[in-house]
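Work through the exercises below with the sequence and the structure at hand. Try each task before reading its solution.

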Amino acid sequence: MLDILLPILIFAALALAVIGAGRRVRLWRQGRSARVPLLKGLAAMPRRYLVDLHHVVARDKAMSNTHVATAGGFVAAAVLMILVHGLGLGSEAAEGILGWLLLAASATMFVGSCFVARRRRNPPARLSKGPWMRLPKSLMAFSLSVFAITLPTVGLLPQDFGSWVLALALSAVLVWGLGEMFFGMTWGGPMKHAFAGALHLAFHRRAERFGEGNRSTGLKALNLDDEDATLGVEKPSDFTWNQLLGFDACVQCGRCEAVCPAFAAGQPLNPKKLIQDMVVGMAGGSDANYAGSPYPGQPVGEHQGDAHGPIVAREGKALVDAETLWSCTTCRACVEECPMMIEHVDAIVDMRRFLTLEHGNTPNKGAEVLDNLIATDNPGGFDPGARMHWAADLELPLMADLQQVDVLLWLGDGAYDMRNQRTLRSLVKVLRAAGVDFAVLGNEERDSGDVARRLGDEATFQSLARRNIATLAKYRFQQIVTCDPHSFHVLGNEYGELGGHYQVYHHSTFIAELHEAGRLAFRPWKGGSVTYHDPCYLGRYNGEFEAPRNVLRALGIQVAEMERSGFRSRCCGGGGGAPITDIPGKQRIPDMRMGDVRETGAELVAVGCPQCTAMLEGVVDSAAEVRDIAELVADALVELPAEHGKGQAQTARPLAEEVV
Amino acid sequence: MRPESHHDGSLAVTVLVSVGRHPLTGRGRRADQDARGVELAHTLTGAEVELLHAGRLDEGSDAALRGYLGMGFESLSLLEQPAGADVLPALAEALEAAGPQLVIAGERAEQGEGSGLLPYLLAERLGWPLVSGLAAVEEVAGGVATLLQALPRGQRRRLQVRLPAIVTVDAAAPAPRQSAYGPARRGRLDVQAAPVMDDADMAEWQAQPARKRPKRLKIVKAASARDRFKAAAAKAEGGGGQVLTDVTPEEGAEAIFKLLKEEGVLR
């Protein structure tokens, strides 16, 4: 009887899956068009899955092994089951290898599903419950029933083993398994992540991020040429289709939630919920069925929307509240941690663009900062002619006078900030000690546009960027050095799309190179213990984790690492315009970070970013001093042996032409 | 502060807007006081708001005027006027033709003559009442507007004025909303023909950069923070001066004339 029933069941499930897939694809195609190489993407997909995705999953060893066993077992079992039971290939060669392989695959999957079940016994808060709680049982149902129906095929049991009652019971279990695995995959069950995830990897909007050591973190430019187009994302259907596909790939593992600084601070943001809300919006409905942690302070079930309705309502509630979008510090911890390679920050900035450019609703000081940027080219509204006042006594060489130098020192808006001026003075001292041929733009410099862009004001960003690029094009230099990771990121990764290509160094990288080249000598460190805070825009955005630590090591400092450091560093709360939009939470993000510092017992926290300095220094009653790496280096400088320093200084003259 | 209802249908409001100038960089922008006037008009329920500008249309003024459109308007009427023209006749004719109930303007322009006289001249010419330093329009009913006027040191005075009227706003009015790039870009500048009259007086004036004038220092001898605060918050008390009550207009005029002579305003 099973001989007749099995092919029917299998092919019925497959047919339903195909219908579901069609419906799912239709949902994604509500989005805007996006140019993606389809075949190339599909060809690259297995590698992206097996290498890039697995690399992220493998940060949790137990989970990655569980997933390898379950997913690998399932894929093998599904294919073999179709061959053996669907097409009957196994029965001709009963002792053939296919049946045995199918047994092995389903057994492996069963072992994996046992581990899934164990994880679901006391699931951490970040995991979604609801339908996800039945998944281990469904996995077991599928693997066990496939195992059982294969036993007669390979001859371990007689063909007519058991009664029709047993066969029927077995079929029922199989139907459950097939339903979850095939039907649920495309009709919106937990297994949807496999179907959507595979296609998401293939058609990812940042194909360049895949591959060893590759990164793609710069925001993509918004096309401002079409005057009639709505700017940014107003409705779920304003996302590109592959962004919608990406949202659908979410497995609700909550790794993003666990690392999100805004969530931890009790601000109304949970990256996982945000992605789920986008899925709700895409399909239409309310968030009442969401079974994970809500946005802090906001009960689930009050928001709803559809693909062609607004995401954020001007008044009242829609899919998400504006505060949710403005809570993000754009630290990219969620993106870094996401095993499905979902781009949360892109989506948030897309929606912010609409709020700023179309609604004119940047909260709190946002509008004032943007007006300042438009009128004075700096967020503080200071006189552009006063940009160099801090260096009145330093006689800094100007690009306008020299025209051609080795290093262009980009000051950033920290030039107006008294705390950062100390860092800048230290950096100048270090560059002079190393005999670096450098100059500054002086009053010709403008804000890089980082804050404007992350507040969603793409028009002001592009205006600032284009004028900066035009200024930089007047001069010849080999590289840009800056002590501001935000400028570093924008100049290095985001100006390229607008025609500005530069070799940009963060000052820590540059100082590390100078020291390696023997152009700086330090007296040994005499202070207490030191920890290092990785700025998001240096670390996660640009992969520079080692250079600052090398500099500290060269200073004779042993870094007492915080639990969350390197690519898992916790944000200081200063990115993405978050201090400007200032969405209230239960606690402040920099307080939590200084708590991390306190746990190491360090007396000093070394930083490499004006934002981090400001945020961490703003923490009251903190035991640790906050100092920029440039300041530590400047304090430790000793004169190089005379002839050594001279020779180095001479070779430091520019040898090559500028890179533009 | 919002008016609850207007039983006589919609209220036609015209806001006079000018091209502003940022105090530090001199870049064109929406003028701050005018933008506050637009904001005030925006918060009036049931108001049909028109924006009106008289002046040149060039690249600089285009960007600045679009700043007002970005506050949520589809169009702005522009009476094209050459440089050095007296915009008064053009504005007066346009207002007479359109017949708004309420005209809102900033106290003074951020560039050009900036005398702050335009609203007064306009009111004189149209024969309408003028209220300066408005903080809010509380209610409009039956052709009468209840206004809240801002006085120094946070004081407010409630006034009733028969419409049509001209009101001006200064920094006491609510801060303007953010100007959004998309609507600003999509909005229309409707250029309208208007009579041009050269400003003969201004052509004769000589302009020179303003000098910073010395400021009289207010020396406060205070022992405690409380005294200093009182001194800072106290009303300026003139030492001299007199209060005249129950005098004839002639006597009053005589007294004012005498004072102006004493102060050297009149010679």
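**Exercise 1: Domains and overall form of chain A**

The C-alpha centres of domain 1 of chain A and domain 3 of chain A lie 50 Å apart. The model is a predicted one.

Task: State which residues each domain of chain A covers, and decide how compact chain A is for its length.

Solution. 
Step 1. The division of chain A gives domain 1 at residues 2-202, domain 2 at 231-359 and domain 3 at 371-651.
Step 2. Chain A contains 28 helices and 11 strands.
Step 3. Along the principal axes, the C-alpha atoms of chain A occupy a box of roughly 95 × 55 × 50 Å.
Step 4. Of the 660 residues in chain A, 52% are classed as buried. Taking contacts in chain A between residues at least 6 apart in sequence, 78% link residues at least 24 apart.

**Exercise 2: Annotated stretches in chain A**

Task: Find where UniProt places the feature "transmembrane region" in chain A, and describe the chain over residues 138-157 and over residues 163-183.

Solution. 
Step 1. The unreviewed UniProt entry puts this feature at residues 6-25, 68-91, 97-117, 138-157 and 163-183 of chain A.
Step 2. Residues 138-157 of chain A are 85% helix and 0% strand, with end C-alpha atoms 25 Å apart.
Step 3. Residues 163-183 of chain A are 95% helix and 0% strand, and here the end C-alpha atoms are 28 Å apart.

**Exercise 3: A sheet in chain A and one of its residues**

Task: Give the strand order of the open sheet of 3 strands in chain A, and say whether A:Y532 is buried or exposed.

Solution. 
Step 1. The order is 8-9-10, with parallel pairing. Strand 8 (530-532) and strand 10 (625-628) of chain A each have a single partner strand and stand at the edges, so one side of each lacks a neighbour in the sheet. On average, neighbouring strands of this sheet are turned by 30 degrees against each other, direction ignored.
Step 2. Strand 9 (residues 604-607) of chain A pairs with strand 10 of chain A over 4 bridges, in the parallel sense. In this pair, A:V607 is opposite A:D628.
Step 3. A:Y532 belongs to strand 8 of chain A. The cut-off for a buried residue is 20 or more other C-beta atoms within 10 Å. A:Y532 has 27 such atoms within 10 Å, so A:Y532 is buried.
Step 4. Beyond its neighbours within four places in sequence, A:Y532 has contacts that include A:P548, A:R549 and A:A606.

**Exercise 4: Strand 7 of chain B**

Task: Explain why strand 7 of chain B is described as largely enclosed, and name the strands that pair with it.

Solution. 
Step 1. Strand 7 covers residues 102-106 of chain B, and 5 of its 5 residues are buried, so the rest of the structure largely encloses it.
Step 2. In a regular strand, side chains alternate between the two faces of the sheet.
Step 3. Strand 1 (residues 11-16) of chain B runs parallel to strand 7 of chain B and is joined to it by 4 bridges. B:T14 is opposite B:V103.
Step 4. Strand 12 (residues 165-169) of chain B also pairs with strand 7 of chain B in the parallel sense, over 5 bridges. Here B:L102 is opposite B:A165.

Definitions and conventions. Residues numbered from 1 in each chain as written. Chains lettered and ligands numbered in written order. Predicted model: local features only at pLDDT ≥ 70, side-chain atom pairs only at ≥ 80, totals over all residues. UniProt positions renumbered as here; feature names shortened; annotations may be inferred. Helix = DSSP H or I, 4+ residues; strand = E, 2+ residues; numbered from the N terminus. Rg over C-alpha atoms; globule rule 2.2 N^0.38 Å. Buried ≥ 20, exposed ≤ 12 C-beta atoms within 10 Å, placed from the backbone. Contact = placed C-beta atoms within 7 Å. Pairing = 2+ DSSP bridges. Axes fitted to C-alpha atoms, helices over the stretch in contact; angles between N-to-C directions. Domains from an automatic or database assignment.
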